[in-house]
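Thanks for making the time this morning. I would like to walk through one structure with you, going from one chain to the other and then to where they meet.

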Amino acid sequence: MSASATGAAAVTDAGERWPTTLPVEPGIDLSGLTLAERMLSVKAGRRVRAGEVVVVPVDQVMMVDSIAPSALGIVEDELGGVIRHPERVSVVVDHVAPASNVQVASTQQRVRAVARAKGLRLFDVGRGICHQVLMEEGLARPGWVVVGADSHSTTYGAVCAFGTGMGATDIALAMVTGRTWLKVPETVRVRLTGERPPGLSAKDVALEIVRRLTADGATYASIEILGAEAFGPGERMTLANLAVEAGAKVGLVVPDDALRRRYEVPPWLTVDEGASVALEVAVPLAALGPVVSVPFQVDNVHPVADHVGVHVDQVFVGTCTNGRLEDLREVVRVLDGRPVAEGTRLLVIPASSRVLQDALADGTIAALVAAGASIGVPGCGPCMGRHMGVLAPGEVCVSTSNRNFMGRMGSPEARVYLTSPAVAAASAAAGVLAMPETGVNP
Amino acid sequence: MSAPHAVNRVWRFGDAVNTDDILPGKYAPLMVGEDVFHRYAFAHLRPEFAGSVRPGDVLVGGRNWGLGSSREYAPQALKVLGVGAIVARSFARIHYRNLLNLGIPAFTAGDVVDALQDGDRVRLELARGRIVRVSDGGEEEVLVLPPVPEFLREVLREGSVLAFFKRHGRFPGESEAPPEP
């Protein structure tokens, strides 16, 4: 098994650390600056503070199939058609993959042709979800500025990259100029404290952070996550992924020795606890347990125990939040040989082809299929309600994804409950929302 | 767009209007076509909206307008429909940036939000920085909008960030294009 599928891009195929492209010596006084201020100061070539607007070079631009047509259209029709650094642009076909109808297929056909003609990196149908793929391919590295045409681009913060989501215009301009404008964000510091209890998932921690901050509590801010040492590379992606659900611009997991074993990390890319932050929140891990985000808002987070027994029509395990090997294995562990309940469907979509390969190699997929799961093509699946598992009116889905907005996964009369893979598995076995260890008994 | 003194209506929304509310993902241009996606604006939340909104109408929301996806086609749908301005208590980051990029005036103004009800008749006077509410009896009430930041003013002057860039070869607020990184 490669380290990358569990760990979301640990090392290069050669087993080396991913090298840095950033200066080792910043040449700028970074004292007293937050992580975000340090990163943008080095990029801007001058000391900058929260609130300033900077224009900085971009290390990687990412587009998905639903945005690439308009972003590439703007490049071609409005901006002269020349992409400054094609090698720094990735196109990932994941949002509707494989294509669901002729309209979609035709659009993707055009995107492929343009990507090839312009020499962009193309990750086509089945390679996986954009954020997972970029991490596996080493296209997000500590200190890099990565702009993605997808709001969950905060995921790159797992390796302390300045990853942030933008729309088609910004992405087009970033491709043509090699730069982007950013307001240097304030910082909200989240400190995970105490020992991590066994069984506590990164998803439960991430949802607790969103509950504590609320859906707009970190608007335009950088969330600095301290104390994540007990969480693995993939789990850190879960933490950074959900930062945007508190409104954040980036969610930066503070670099530690574990990160430095996988990536060259410039020495200046480190947290200064003396830097002034807008808000500091402590999250004691020992107090946390399985939680669920109840429709229709992500910050509507409650203990699973308060909602056990809700009938579940579909369980969806996957997405950039929780579709990695460790998540699939957790489902198998919690199922513990039990089949999916009568009247409930279990849909499992690995986050990438590497995840799928590794889950095939270690027997995880066989165990899931034996339990009655359907396995989907690596990609976003039904997360945003376009294909491969959309919901009917009145249906309830327990999902390991990141949004439960009205109509998100199909009918506006369907309800989506967001949970960890463990809770999803317990719910698949019980046919109702259930606790991982105690089932329907809270 | 609306004539200078056109009277438009207010569409009042609540808190946390998200991008799936503004344009559900299943109606993305990729899914339904570039020419029709705007017809699905607020398809779930206010199905009557896309069919009856008029150019120049004003959208009013509560906290955290536009949370969720980075999809620019959500505000693009509002632009195609001719929405004149959005006033909210606060905006989500990516969506605000998309509004700015598209040149859709967006104002953070809780007092104006408090003053406006769904269906109110208003004149949107952006050049004068105000919204004028017109009552059935013809009385007028002036609601002052907060000043537009310089960065945004530069964009609005040209119509969009793209138009700005094409004209000036740099980003708004950037003194000159920096050397190649």
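Which residue in S15(A) is the bridge partner of A:Phe316? The answer is A:Leu347, and before I build on that, a word on conventions. This is a predicted model, in which local features need pLDDT of at least 70 and side-chain atom pairs count only at pLDDT 80 or more, while totals for chains, interfaces and linings use all residues. Residues are numbered from 1 along each chain as its sequence is written, and chains are lettered from A and ligands numbered from 1 in the order in which they are written. Helices (H or I, at least four residues) and strands (E, at least two) are DSSP runs, numbered from the N terminus, and two strands pair if DSSP finds at least two bridges between them.

Back to chain A, then. Strand S14, residues 314–317, runs parallel to strand S15, residues 345–348, and four bridges join the two. On S15(A) there is also a link to strand S16, residues 374–375, again parallel, through two bridges, and here A:Leu347 has A:Ser374 as its bridge partner. A:Leu347 is therefore a residue that we meet in both pairings, as the partner of A:Phe316 and as the partner of A:Ser374.Further along chain A, helix H12, residues 353–361, has as its buried residues A:Arg354, A:Val355, A:Leu356, A:Asp358 and A:Ala359, where buried stands for 20 or more other C-beta atoms within 10 Å of a residue's own, exposed for 12 or fewer, and partly exposed for what lies in between, with C-beta atoms placed from the backbone. After H12(A) comes A:Gly363, with a positive phi near 90 degrees.

Chain A also has an open sheet of four strands in the order S10-S9-S8-S11, with parallel pairing. Strand S10 (250–253) and strand S11 (279–284) of chain A are at its edges with a single partner strand each, so one side of each has no neighbour in the sheet. Strand S9 (residues 222–226) of chain A is joined to S10(A) by four bridges, and A:Ile225 is found opposite A:Val253.

Let me turn to chain B, which has eight helices and seven strands. For its 181 residues a compact globule would have a radius of gyration near 16 Å, and the value for chain B is 17 Å, which agrees; the radius is taken over C-alpha atoms, and the rule is 2.2 Å times the number of residues to the power 0.38. Of the residues of chain B, 48% count as buried.

What is the strand order of the open sheet of seven strands in chain B? The order is S4-S3-S2-S1-S5-S6-S7, with mixed pairing. At the edges are strand S4 (106–108) and strand S7 (140–144) of chain B, each with a single partner strand, so that one side of each is left without a neighbour in the sheet. Strand S1 (residues 8–12) and strand S5 (residues 121–125) of chain B run antiparallel and are joined by two bridges, with B:Arg121 as the bridge partner of B:Arg9.

As for helix packing, helix H7 (residues 150–158) and helix H8 (residues 161–168) of chain B have axes 7 Å apart, at an angle of about 85 degrees. That makes H7(B) roughly perpendicular to H8(B), a class that covers 65 to 115 degrees, whereas angles under 35 count as roughly parallel, over 145 as roughly antiparallel and the rest as oblique. Residues are in contact if their C-beta atoms, placed from the backbone, lie within 7 Å, and by that rule B:Glu154, B:Val155 and B:Glu158 in H7(B) meet B:Val161, B:Ala163, B:Phe164 and B:Arg167 in H8(B).

In the segment after H8 of chain B we find B:Gly173, which counts as partly exposed because it has 17 C-beta neighbours inside 10 Å. Leaving aside residues up to four places away in sequence, B:Gly173 touches A:Val53, A:Trp181 and B:Phe151.

Notes
Axes are lines fitted to C-alpha atoms, for helices over the stretch in contact, and angles run from 0 to 180 degrees between N-to-C directions. Two residues are in contact if their C-beta atoms, placed from the backbone, lie within 7 Å.
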